[in-house]
Every structure is written in structure tokens, then in C-alpha cells.
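Please look through the sequence and the model below before reading on. The paragraphs that follow take up a few places in turn.

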Protein chains: 2
Amino acid sequence: MAFVRISGLSSEAGKNVTVRGWVTTVRSSGKVAFLVLRDGTGLLQCVVVKTAVSPELWERFAQLTLETSIAVSGEVRADARAPGGFELGVSDLTIIGASPLDYPIQPKEHGIDFLLDHRHLWLRSPRQRAIASIRNELEQAIHDFFYERQFLRVDTPILTAAIGERSGLFSTEYFDEGNAYLAQTGQLYGEAAAAAWGKIYTFGPTFRAEKSKTRRHLTEFWMIEPEVAWNDSNDNMVLQEELVSYLVRRTLSNRRAELVELERDLSKLESIKPPFVRLDYGEAIDLLRRKGSTTTWGEDLGAEDESLIVAEYDKPVFVMNYPKEAKAFYMKENPADPRTVLCDDLLAPEGYGEIIGGSQREDDYEKLRQRIVDERLDLASYEWYLDLRRYGTFVHAGFGIGLERTIAWICGLPHLREAIAFPRMMHRLKP
Amino acid sequence: MAFVRISGLSSEAGKNVTVRGWVTTVRSSGKVAFLVLRDGTGLLQCVVVKTAVSPELWERFAQLTLETSIAVSGEVRADARAPGGFELGVSDLTIIGASPLDYPIQPKEHGIDFLLDHRHLWLRSPRQRAIASIRNELEQAIHDFFYERQFLRVDTPILTAAIGERSGLFSTEYFDEGNAYLAQTGQLYGEAAAAAWGKIYTFGPTFRAEKSKTRRHLTEFWMIEPEVAWNDSNDNMVLQEELVSYLVRRTLSNRRAELVELERDLSKLESIKPPFVRLDYGEAIDLLRRKGSTTTWGEDLGAEDESLIVAEYDKPVFVMNYPKEAKAFYMKENPADPRTVLCDDLLAPEGYGEIIGGSQREDDYEKLRQRIVDERLDLASYEWYLDLRRYGTFVHAGFGIGLERTIAWICGLPHLREAIAFPRMMHRLKP
């Protein structure tokens, strides 16, 4: 009998097939027994009629425990009430791997630490599969978006040499070269690639050795960083709008069942269309003052401030052109107000806050060099980066979008820890 | 005048446009001057006729140095002799960023260390762009291949807890949790995901802190690791054949110009079609003995042995079912010969050697546990991995394909260092 995966059953109606997978539920009326099988590609209801099978098969069925792996054979029957629209009329059943009754994750409430300790098994739940499926769709969508626009993907290094006195770095011994540090961003390398290849993006893990224990922080998270030669700050925001709208649209179109599984309010996602809201930093501060915040001009915005701002809108909000001292050294001075830089943070609605940080990059050699000196960074480490302004400098802009933050928003997850298969946090390095 | 990228010029013939980019060559007859401009998306020949422009523009043109960034405006003209099929009749030219005469990379031979020290500028060469473009195509092709087959991509952790006494690990302090180690593979996590989601693949950087200085080693390299529930060793090799053939076919179809730029012998790639050659390990040893190798049964094959084997064929070669002691603990014992395991190495032709290592995984709890004990690995660290055999064990198989090795083979590169934008080797951590 042909071996078939559950996702491929629709072309097998009326045929006899074998399906392999894991037992998720069993119930019996004494005459008819129902088993729901999970094989990772879908769920399948299997039906056994006592009078139609041998006593020994009926007995085998009664012994099945949660997460036992089995092979079941029988006829595929269309049934609108069954998950996936098909059920299997069982004629044979083989137990492949038993599952003792102490299987850790039972159909009851478990604490979050217990679930994270058993993350390798927790992944089997319908909710975790839905999240993984949406993550997969978003990653493919990101690659498709940039491939169609002729960007080249660049894999920037994780192991990097000294980059001054920046904090929150994981470090490791690197042969006789001293310490290497795990990259917090691929941007500087991305800028070199943009000068070479025009339009590029990175897609990789980034690291923060910060002692934050919020629901919005992981120590290891994935980031996508496009960088485009000749884009200015406005072009940069247009690209962000297009990308984010595309990601939401594609998830709604290709992963609607998974969003429903997560009980996501789809109407909130349906309204994500360009143009997004644009607020100058000064306007954002005014808005915050009216709403009772004590943040004053010159400070960066905290998570609470971000929530106050997005509560006003049902769309993502750009906050643009922050004061220089609140942002990184490489951002371009704003010609219209040199106290500020040409940058944007994109805040997701429904309180999700910052998912993107972007900026036009400082392309003036002298100004960039001075910023490096002013911030007491190690000038020698940045000589190669300054070369990009020394030899044929160019207007360019880019941004970083946090993958887990974007997934958490689109899926409606309260915490980033569910947005990645094996999350890494301050107290979480296992499994 | 509309700003256009060089790759988009084909729809602009007869129109006046502005192009921005970097000067790669300038030559002048005294009456007509030619400039080749690079913008990362292509090359454009720009023509200035002395009598048709102002003396001052002619003068500006004469001052242009290598890698000066400029904006040139003029009419787009079809010209079959020009690179890309179009040239620009220049009516205006603006210098954006000067480039001093000390630009490090000149049209002459440079040593490899000098080039790697200036990798951020070396990337601008046509050869490096061709490699980057093929890398991009291969990465997208890999994602498309698995997406179409309904695999879920899983981003496995880079920071991992103690995994026994394995050597060649980079380590870093991880808050109060002791040391964390940079992942050498995502496979063990991939197996947990395969039990949950059926068909998965990883795509990420992996690390080796090994003091090897060969042309086939990087300390940081990218690996793709598919893992499939219910696949056995044969299914696993079929999937490898399909993937590798698809990658070669797609590069030939979509990146032929880049292969030509690299002077790749296309006929060698045209013959890469399934089925590949399959040699049992014992047969491989016999072949090696006939060819004068001193390798004996029980030993792993070295790079020289691999070259001797592939020299016999114009296709990739699977060497299957190695002796247990030559391979990792998680490989399934071969029922037909328990001295061996169900595994395969895929060797690329033309001396490129191993690009894939794959195996069916040990699914017997007791046998796997015993292997962990025998190899003196820390059992406690592997309890979660053993859970996958404790609760509903399953036949499964997977493999790891090295991205840079695959790129080097397809592009015909003598060394892995050109296959990635910023290579990391024992003595190379910068830029």
C-alpha cells in the first residue's frame, strides 16, 4: 500500500493508503473508535469499526497512548466534518514506537518554564506548528520580495573583530587574533556590499548579551537588513512600507488557517496597507506630552511611549528623524535640522512597538569620522568602513527588521519566545 | 530626468535618463571619450563627444579617477557592441564623491592577503559580483526547492549548552548559565522539529574552531540541513540528488552570464543529472587500493582519497555505509552489516570532494544511548535528544550540504574564501 503524507491525501480519495505519524487523541464508543493522527503535514481522523476488524487489531487500538508512532492503513474517504476533509477507514495498524504514559506534555495547563524545558516536544502542538508555518511563510516571502526586486542576499559575518567599546557583546577567543565578538548587526558589511552590488539584504542571526528579561527581547534573534545604494531616507521608508504590507498580505492569503488556529483578529491585519503614518520625532514628543508621558526632546522613546503612540492608529507608524544623541553614529545628519538625523523607527500597531529601525547613512567622510571620534569608538577598527566614504562616497540607506518581533505581531503572540523554535534568553540556553 | 538603474535600461531606449554609479574605466581619443560606469546592477558604456558638450564638462570628464561616484545624464541608445546592449550619450555629468589616486585595488595583480585585507573594496570586481550573484541564485533556489515541497524552515540555535567533549568549539560566557558554544550543526534540533512538523530544513551559519588552513575550510560557513520523518537512507540520497541537480540546472539557466564571466566549463555542469554514482564504502576502499592508496577498511576517507574516487566519474559520487568508528554517534546501525552505519557522503566531481554528509538516524533508544555512553559524551546533555526515541520513535534521515563548498564547485573556485563575502579563517577575522 502506498505511503502517503496527510497533506497529500486529497488526491487519494477512494484509494487504500498507509499513513505514518503520531497519536494525538483516541476515543471509543465501545463499537467504533476514533483516532486523530498527526504527521507534521496535517491531522487525520482514523476510524475503526469493531465488527470490521480482527479482535487483535481492536485490542492494539485500545492500547494506544499519546504520541505513540504508528502506521495505519485503510481507505481514504471524503468527510466534510473531519479535519482536512478526509478520514481513514482503518483496516490495519502497526505500532512503530511506543510512548510511555509519562509523556511530559498532557492536555492540561503547564507552566511556561516547564514548556520551555520541553520545547523539543512542545513543538508538536497545533499552536506551535501554526507559528512555525507562518514563520516559514514569512521567511520565504522576504526572500521572494527581494529576489523579485533583484537584490543580492549577502551573508555577513557572525564572528567580527573588535568594534570599539560597544556593550552587550558575546565574545570568544579567536586563535591568535585575540577576541572575536558575535555580530549585533550586519549593516556595516551590508554597506560595503551595497557599494559593490547596488541593492543587497542580509538575513541571519544577531546577538545581544543584555540582561533584559522583557517579553520583547531574545539574546539570539534573526534580522533582515536591506541596504540600497542611492536610496535616501524617504525611499527607505517606502521600501519598508512595501515589505511590511507584502508580508501581511501574503500571510493572510497563504496562511489564513494558521492565523485562525492562533485566534488572530484578521481585521487588524486586513487594514495594513500603505501609506503608513509618518510622525516627525518632535510631533511624537508633542503627542506623548498630551498623553501624559514625561519623555522630553532628546531622549529615545521607550516601549511605553511606543505603545502610547501606536494606540492612536490602526496602522504602523513611522517616527522619523530622532535627535542625534539618541541614535547610532552612522546615521546621516539631517540638513533641515542638524540636531537630528535622517532615520525612522517603524512601530507596529496593537502595542507591538518597534519592528524596524532604519536610516540614511552618513556619507560625508569628515562628519562620519568625527562621530566615531566623539563616541570614543576605536577609529582603527572603522578604517575599512570609512573607505566607503573615502573612495566614491554615495547616498545610501537601509534598515533592520526583527524577524521574531514581526512574527509576534502578525501572529498576535504576547512574547517573542514562541516566535522561534528554540528561544535563547538570559536564563534559557536549553534544550 | 528619471533616475534609472543600469539593469532597467532596456525599457528606456531613446529616452533621457540619469544613472548613478562608480567609474570603472575611462579612455579618450581626444575627440571622443568613453567611460564605463558600474552601479552594482550592471555596467554601462557612456560616450562623450567633445564638440557636443561644454568645455567645462569635457574637462570634468578628464579628471575622473577609478571608483569616483558620479551621476551621468543623457540619451539611452541601443548598441549591440556595448556591455548590456545599450550605451549612454552623455549630456551632463556630476561628480558625487571623488576617489583619490591611492585607491587600493588597481588593474594589476595583487596578492591574496592584500585583496582579503581590502575585501570591502575587492567585492566591486566583476568576478566577485558574479560569484555573489550565483550565491544569491543558489540560496533562493534552495528556499524554492524546499518551499515547493512543503518543508518548513527551522532556524536552530547558534548558542547551545554543553554538548560533551566535542572538540573545535568556539565558546562564550552566557550570563549565569556557564559557557555557551557556537553550533557546529543544527541537526539534533532539526530532528526534534521533524518529529513535530514532518519535513524541515535549517539554513544558517555553523562554526568550527579548528586549526585547519586548507582551501576547503572556513571557521564560519553556511550549512543547509534537511531532516525528514519517515525517510530512510535511500530516500535521503534521492532527495540529495534532486536538490543538487536542481541547483546546477537553475544556475545554468538563470546565471549563465555569471558562469561565463568566471570562465566555468559549462559542459562539466551540463552532465550533472540523476542518478549519481553509488559506491558502497567497501567498493570505494577496493577502488582506492587499486589506485595505490594506503587507506584501509575502517578509516574515514581523506581529501586525497576523495579526489581519486571522483576522478573516475563525471558525476557526483555517493560513498555509502561507512564503518561505525569513522562516523558520528547518531547514525543508524546498518542491519545488513552492523559494523557499518546507514550514511552517505556526496563527493562533487572535478576534485571538489565532499559537499554533503547524510545519514539515517539511529531510532533505537537503547542503541543510541549506548553510543552516547561509548563515545563518552555527557548523557545528561542528550536527554532531550533521547526523548525523540523515548516517545514515539520514528524512522528519519537527513543531511547537511555545505553552501560554500557547493558554490566553489559550481563556480569552479580553487578556494572557499571567495565563495562568501567576508570569509573567516584561522588568521582572518577582518574586515
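Leaving aside its neighbours within four places in sequence, which residues is B:Gln184 in contact with? The model that gives the reply is a predicted one. B:Gln184 touches B:Arg166, B:Ser167, B:Gly168 and B:Leu169, then B:Thr206, B:Phe207 and B:Arg208, and also B:Met223. The residue itself belongs to the loop of chain B that runs between β10 (179-182) and α5 (187-197). One of its contacts can be described in more detail: a polar atom of the B:Gln184 side chain lies 2.9 Å from the backbone oxygen of B:Gly168.

Strand β10 of chain B, at one end of that loop, is part of a sheet. The sheet is open, has three strands in the order β8-β10-β9 (chain B), and is paired in the antiparallel sense. Which strands form the edges? They are β8 (159-160) and β9 (171-173) of chain B, each of which pairs on one side only. Between β8(B) and β10(B), which run antiparallel, there are two bridges. B:Leu159 has B:Leu182 of β10(B) as its bridge partner.

The next strand to consider is in chain A. Is strand β11 (residues 199-207) of chain A mostly covered or mostly open? Nine of its nine residues are buried, so the strand is mostly covered. β11(A) pairs with strand β7 (residues 152-153) of chain A over two bridges, in the parallel sense. In this pairing, A:Arg153 stands opposite A:Tyr201 of β11(A). β11(A) is also joined to strand β12 (residues 220-229) of chain A, by nine bridges, and these two strands run antiparallel. Here A:Phe203 has A:Ile224 of β12(A) as its bridge partner.

A helix of chain B shows burial on one side. In α10 (residues 303-310) of chain B, the buried residues are B:Asp305, B:Glu306, B:Ile309 and B:Val310. Why do they lie on the same side of α10(B)? The reason is that they cover an arc of only 125° around the axis. The elements that cover these buried residues include, in chain B, the helix α9 (281-290) and the strands β13 (277-280), β14 (317-320), β15 (343-348) and β16 (353-360).

B:Met1 is placed in the segment before β1 (2-3) of chain B. Its relative accessibility is 61%; exposed means over 50%, so B:Met1 counts as exposed. Apart from neighbours within four places in sequence, B:Met1 is in contact with B:Asn16, B:Val17, B:Thr18, B:Ser73 and B:Gly74. A separation of 49 Å lies between the C-alpha atoms of B:Met1 and B:Glu225, which are 224 residues apart along the chain.

The last step is to set the two chains side by side. Two copies of a chain are related by a rotation about an axis and a shift along it. The same surface serves both copies, as 100% of the contact residues of chain A recur in chain B.

Definitions and conventions. Residues numbered from 1 in each chain as written. Chains lettered and ligands numbered in written order. Predicted model: local features only at pLDDT ≥ 70, side-chain atom pairs only at ≥ 80, totals over all residues. Heavy atoms only, no water. Buried < 20%, exposed > 50% of the residue type's maximum accessible area, 1.4 Å probe, protein only. Helix = DSSP H or I, 4+ residues; strand = E, 2+ residues; numbered from the N terminus. Arc of directions from axis to C-beta. Contact = heavy atoms within 4.5 Å. Polar contact = N/O pair within 3.5 Å; in protein donor to acceptor, adjacent residues only side chain to side chain. Pairing = 2+ DSSP bridges.
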